[in-house]
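Okay, everyone, I have a few minutes on a new structure, and I'd like to walk you through what holds its parts together. Have a look at the screen first, and then we'll start with the rings.

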Amino acid sequence: MSKRAVLLCVSLGLLLLAAAAWSWQKPADPPADAKPAQVASAPASTNATPPAKDATPPNPTGFPNTGESLNYSLNWPGGASLGEAHLSASKSDKGWQFDFSLDASVPGFAVADHYHSRANADMCSLELEKQSTHGQRRTHEKTVFDYKAGSATRTTLVEGGGHTDIDINNCAHDGLDYVFYARRELGQGHGVPQQQDVLFGASYSVRMEFAGVQDVTVAGKRRQADHVILYLKGPASDSKLEIFFERDPARTPLIIKAPLPVGTLSMELVR
């Protein structure tokens with residue numbers, strides 16, 4: 001299997017984070033003494049997608065829950081395991097903490113990623129830290145959201161790294177926080193979120209479409225799921241993923257699929 005295929009498989013784990021899939025393909029950071037670039041985030045679409053007619057009714061006690069820990073298997077076409085991923089969330093009086101880790105490999109090339117996100121009680125991002133190892137390449141960066149200043153500052157935490165300022169609105173989402181925000185919207189009967197920019201190093205335009213209710217098999221059991229198509233456009237990407245959210249109050253992600261020329265790669269819940 002090629003390195004390219006490994007990175008594409010990692011992408012579906014990261015949207016649960018699609019935005020991260022191509023984050024390392026963006027232009028290199030400017031030197032530390034360079035003038036920070038200003039990247040204006042596009043305003044959110046005013047055409048919100050309404051809840052689907054056949055969606056479950058709103059659940060007033062639904063998501064957000066106060067915490068969870070989920071385990072996933074990363075699978076090649078045909079079912080062979082590529083690696084594993086873990087997603088967790090916890091809530092306190094200070095807001096939310098989200099974590100996502102992924103380990104995958106083929107001979108001669110390993111991928112290990114960890115992402116930590118902090119958000120306030122309304123799921124507006126406060127901070128995102130990313131640590132990645134892709135073969136011999138290692139990256140470490142942090143993005144801090146400053147709503148008073150109206151910008152998010154991304155800093156590369158390696159020798160010679162620089163920083164970039166990105167304009168934000170009054171409630172921005174990073175790639176990890178966005179997953180939980182979307183689940184909350186679905187669980188509360190609001191439908192999929194509006195098209196918007198999501199920050200994951202670079203700025204990505206993310207759009208979701210509700211594709212109906214579908215039965216899926218996970219760990220040998222049939223479950224009913226909301227089928228959502230996710231479109232992602234970034235500096236070096238224009239892609240589509242399929243996500244199946246269980247129709248429980250938390251809208252637990254059951255399966256994420258990435259259709260590729262080599263076949264469909266998937267990330268499946270194993271608890």
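So, aromatic pairs: the structure holds five of them. By a pair I mean rings of Phe, Tyr or Trp (for Trp, its six-membered ring) with centres within 6.5 Å; planes under 30 degrees apart are called stacked, over 60 edge-to-face, and the rest tilted. One of these pairs is Trp96 with Phe98, which is stacked at 5.5 Å centre to centre, with 15 degrees between the planes. Then look at Phe98 and Phe180: their ring centres are 4.1 Å apart and their planes are at 10 degrees, so that pair is stacked too. This second pair links distant parts of the chain, since Phe98 sits in strand β4, residues 95-106, and Phe180 sits in helix α3, residues 175-187, which puts them 82 residues apart. Put together, Trp96, Phe98 and Phe180 make one aromatic cluster.

Before I go on, a word on where this comes from. It's a predicted model, and local features need a pLDDT of at least 70, side-chain atom pairs count only at pLDDT 80 or more, while totals for chains, interfaces and linings use all residues. Residues are numbered from 1 along each chain as its sequence is written, and side-chain values use heavy atoms, with hydrogens and water left out.

pLDDT, by the way, is the predictor's confidence in each residue, on a scale from 0 to 100. The protein chain averages 79, and 76% of the residues score at least 70. Be careful with residues 11-63, though: pLDDT stays under 50 there, and the model has 130 contacts for that stretch beyond four places in sequence. A contact, here, means heavy atoms within 4.5 Å.

Buried means under 20% relative accessible area, exposed means over 50%, and partly exposed is in between, using a 1.4 Å probe and protein chains only. In the protein chain, buried residues make up 50% of the 271 residues.

That takes us to the nonpolar core, which is a set of buried Ala, Val, Leu, Ile, Met, Phe, Trp, Tyr and Cys residues joined through side-chain atoms within 4.5 Å. In soluble globular proteins, nonpolar side chains tend to be buried together. Which residues touch the most other members of the largest core? Out of its 52 residues, they are Phe98 and Phe180. Helix α3 gives the most to this core, with seven residues. There's also a second, separate core of six residues, including Ala152 and Leu199. As for Phe98, leaving out residues up to four places away in sequence, its neighbours include Tyr115, Met123, Leu176 and Phe180.

Next, the disulfide. The structure holds one, and the term covers a pair of cysteine sulfur atoms within 2.5 Å. The two partners are Cys124 and Cys171, with their sulfur atoms 2.0 Å apart. Cys124 is in the loop between β5 (109-119) and β6 (125-134), while Cys171 is in the loop between β9 (163-167) and α3, so the pair ties together parts that are 47 residues apart in sequence. The torsion about the S-S bond of Cys124 and Cys171 is about -100 degrees, so the disulfide is left-handed. Cys124 is buried at 7% relative accessible area, whereas Cys171 is partly exposed at 24%.

Met267 is in strand β15, residues 263-269, and counts as buried at 0% relative accessibility. Met267 and Asn75 are 192 residues apart in sequence, but 6.2 Å apart in space, C-alpha to C-alpha.

Finally, two residues other than glycine with a positive phi. Ala219 has phi near 55 degrees; Ala219 is in the loop between β11 (202-218) and β12 (221-234) and is exposed at 65% relative accessible area. Arg251 has phi near 50 degrees; Arg251 is in the loop between β13 (237-246) and β14 (253-260), but counts as buried at 3% relative accessibility.

Key:
Helix = DSSP H or I, 4+ residues; strand = E, 2+ residues; numbered from the N terminus.
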